[in-house]
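Hi,

Here's the structure I said I'd pass on. My notes on it follow below.

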Amino acid sequence: MIIRSQDLKKKRTYKTAKSVKKKRSGTRRNIFLTSGVLGALLLVLYIGYLGWEARERFGSKKWELPARVYARPLELYPGLAMNEASLANELFLLSYRPVDRIAVPGSFSRKGGSFTLYSRPFAFPDGREPSKKIRLTIASGRIRSLSDIETGEQLSLARLDPALVGSFYPTHHQDRLWVKFSEAPPLLIQTIMAVEDRDFYEHFGIKPLSILRALKANIMAGKTVQGGSTLTQQLVKNLFLSREKSLRRKIEEAAMALSLEFFFTKDQIFEAYINEVYLAQDGDRSIHGFGMASRFYFGRALEDLGAGETALLVGLLKGPSVYDPRKKPDRALARRNQVLKMMTRHKLIRPDEANLAMKTRLDILAGPPSGNSPFPAFMELVKRQLLREYEENDLRTEGLRIFSTFDPQIQMAVEASVTTELNAIEAGRGLPKNSLEIAVVVTSTAGNEVVALMGGRRPGDPGFNRVLDARRAIGSLVKPAIYLSALMKPRRFTLVTPLDDDPVEIKIAGDVWSPKNYDRRHHGTVPLYEALAQSYNVAAVRLGMDIGLATVFDTLNRLGVEGDFPAYPSALLGALEMSPIEVTQMYQTFASGGFYSPVRSIQAVYRPDGELLQRYPMTVREHIDPGAVYLLNTALQTVITDGTARSLDQGLVRRLAPAGKTGTTNDMRDSWFAGYTGDRVAAVWIGRDDNKPCGLSGATGALRVWGEIISRIATMPLTLIPPENVASIAIDPVTGLRAEAACPGAVSVPFIRGSEPRKTVACRQRASERAAKSPKMPPQRRSKSRPDDLFNWFKELF
Amino acid sequence: MKTSTLLECLLLGMLITFVGCAKPPVRSYPRPTVSHPSSRPQPQTDTIRGADAEKPRWPTETSSTAVNRIPPPAYNKPLEPLKTQSTVKSSTESDYLLAVVTPLADQSSRHLANGEFEKAQTTAERALRIDPNNAELWHLMGKIQLACRNFSQAEQLARKSNLLAKGNPQLQARNWRMIADSLRGKGDASAAEAALEKARRFNSR
């Protein structure tokens, strides 16, 4: 710089010697040159600043990647209860394409109950599941055979890639699936270079000659017909600059491109380019990068794309909306074929390959996986559980992979059941259409994992989530907690302890409260199990007051329902409020035999690079004596066989021997049913958002939906296994005393060891007493009762 | 002259600006603040919006017809004899579930033997989701927790296994031994001895 100035000065001195006139003009030139140098200096500084900024911004660029929430993977094995339609549904959700012959991962063909699948590879937490060609047959609602087509081997288990339940997007709604440069298909890289920037690995960020050539072509044409941008320039433009077409922006672009090339490797720049580039729009979600575009257009992973698909995607770089293959298939086809020709010209593919690809259809996925989750209610639960430990912004931008407990098959069964039954209930009872609302949650008995959830009656409705947020009076659903509290005191209470159902008056702060039974009648002395099965209010209140409100509330807490409850006796009839998910928590503890597991919707969270961030393990904790819970569970089974839920009309559901409890609140404002089978707990609430009476009892509303759901899902029967401290003994049904084992009519009743009746009654004595009592027995009950059926016998007894 | 000056200035300026600034791109990840979830979600009012009500959700063949209903499970009845190829060798529910979960349990045990606790647990949970009432799997879960020195959870899992292990005194004995080990790990020697005594009683059956 200094040397140049001296040089200039010398020349000026030489000119000064010529003439005064020239001296004047020399002064002017001097000023001109000085300002030129200053301008150049400023320009240099500006360009330097741009380059510095580009380096800084690119180097510290935090790519915002949405978090993905996956469902549980579908495990296929011979014997699994599943019908053709549910498998087809899951494959639809997984964006598997129905084809005639499976050729690429993510496709399937079906002939009746015979399926062939080409599964996609997937990196699971416990290892990578490779892509497999599977043949399976379904008959009579079960998978009958499963084999690997390529090896011919029978498979005992095959796991499909999990369905995407939804994503948590960055606020700018850009959706991208990060593809590492090292994992990008070489054909894609070469095609992008062939079409967009063939000298990418030779130039230094800009190609002056190309710019000039483009400039000339544009001047000749009078408009922009050609661009001379390198990939680096395109990346800079996408990342840092506006879409404005001006010389200034061009200079900025060039400076920044040079900077990136100076400080970063070619591969780093290429990786950024293939992930940044905009390739599609789906509502307010914009699809960036080839990884996501491949899913969006073809429902396939990038590495599974053939030459035709690669050509289509690369062709889209010219204008994703102009060549949108869904909206403008003809243009897209022409563009694809043009790219295929370029690929042949650059010897990337053989001419016959190109010809074949040119003859094939675009083969675009008809219904692209929506950016909006079809299961927003479940997503809400996942989000809330995550927000306890993560910042919302991290959740939306860190590309977390969240493995959830969601089971799409069960969710679909729940959605279908809710729609069918609610419409039928409204039509059958003359209720206005869509006047009822509903909340349903289904979990696993083993670990209390939420497998399905509906926060309202409309599937996919992201609105008010009643499962989580609607706290309503639970009515008789509270009663099992009262009876369990009693059964936990085996010295005082057994299943056959007589309870008093006669009228009672309770004084509360000067007022007198006298609870009434649902049928407005009193039933005298009833055995404990029957008071629960028939949901007698008065007996329950008497029992609850006897053992104490505090004890009942403590039991509720032990069952997993947190918080304090209003210390009013009316709480014994369910005047306390809970959300359906809290109810599920309570009933899951029954279902798991007294072992508490917190409700979970997440199994594990992984970083995008596959590193485990956090696991949410299955945990159990014995909160209540399994013996007492066992007795309660047997009584809750009678709720369905002989009690308030006996209207459950699905014979096939009855064969599962489920247990559960109905709940109805004052003036029929809320209709509840919570129950469980061998592996599923489900709670259903029906009511109105304005809290007006809905005219449904637990049995006429929620129970119907519950039964419908259970009839539609593959579930195991409830087999209660008596714990060590429980013994069943022969009881004489007339006196409630021990019977001689061989005595005809004696029944087996479970007791906590040590609480069994001590006295034994002889057969003959029993027979005479029975004869004396028999006129009181309702004849219809006698005809219904089965030999050795404890509960029918006991009905006759009391 | 002017052009070359400008070009030199440009290169010099850029060099001065950039040299010494280079560093690789850095990404950061969130760290959880709590290691385990607490029991239930806290109510919050914000929701994730935007379900697309216009698009059909699934093929119509399945929506609400009886087609989608799972036929009555006949777990206590043998499966129908299979004419086609099948790996189902045995004919009851528990037998064919066993055929599925046994390889998974073996795999989990292998992970455990290699000290890969996370993988061992993930695989055991996978098996448990398929066969939730399998006492052996609950025992395996306990074994993994014991290996992780999570004594409290190991004890609970052994108790859970015991609840389902009726009629299998050998497994009950193993569970009581696990309970004894867990109690000893927690420093409760007398309770551990009592548990060991129970194990002996089951062993002698």
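**Domains, cores and a sheet**

For chain A, the domain assignment (bounds come from an automatic or database assignment) lists domain 1 (2-59), domain 2 (78-156), domain 3 (170-189 + 277-370), domain 4 (371-387 + 396-470 + 577-624 + 643-723), domain 5 (475-575) and domain 6 (726-797). Bear in mind that this is a predicted model: local features need pLDDT of at least 70, side-chain atom pairs count only at pLDDT 80 or more, and totals for chains, interfaces and linings use all residues. Residues are numbered from 1 along each chain as its sequence is written, while chains are lettered from A and ligands numbered from 1 in the order in which they are written.

Where domains 5 and 6 of chain A meet, 8 residues of domain 5 are in contact with 10 residues of domain 6 (contact: C-beta atoms, placed from the backbone, within 7 Å).

On to the cores: sets of buried Ala, Val, Leu, Ile, Met, Phe, Trp, Tyr and Cys joined through C-beta atoms within 7 Å, with buried meaning 20 or more other C-beta atoms within 10 Å of a residue's own. The largest nonpolar core has 199 residues, and Leu453(A) is among those with the most contacts inside it. Leaving out residues up to four places away in sequence, Leu453(A) touches Ala377(A), Phe378(A), Leu381(A), Val440(A), Val441(A) and Val467(A). There's also a second, separate core of 56 residues, including Leu177(A) and Ile192(A).

Lastly, chain A has an open sheet of 5 strands with mixed pairing, in the order S3-S4-S5-S8-S9 (strands are DSSP E runs of at least two residues, numbered from the N terminus; a pair needs at least two bridges). S8 (residues 133-139) and S9 of chain A pair antiparallel over 6 bridges, and Thr137(A) sits opposite Ser145(A) in S9(A).

Cheers

Technical notes: A residue is buried if 20 or more other C-beta atoms lie within 10 Å of its own, exposed if 12 or fewer, and partly exposed in between; C-beta atoms are placed from the backbone. Two residues are in contact if their C-beta atoms, placed from the backbone, lie within 7 Å. Helices (H or I, at least four residues) and strands (E, at least two) are DSSP runs, numbered from the N terminus.
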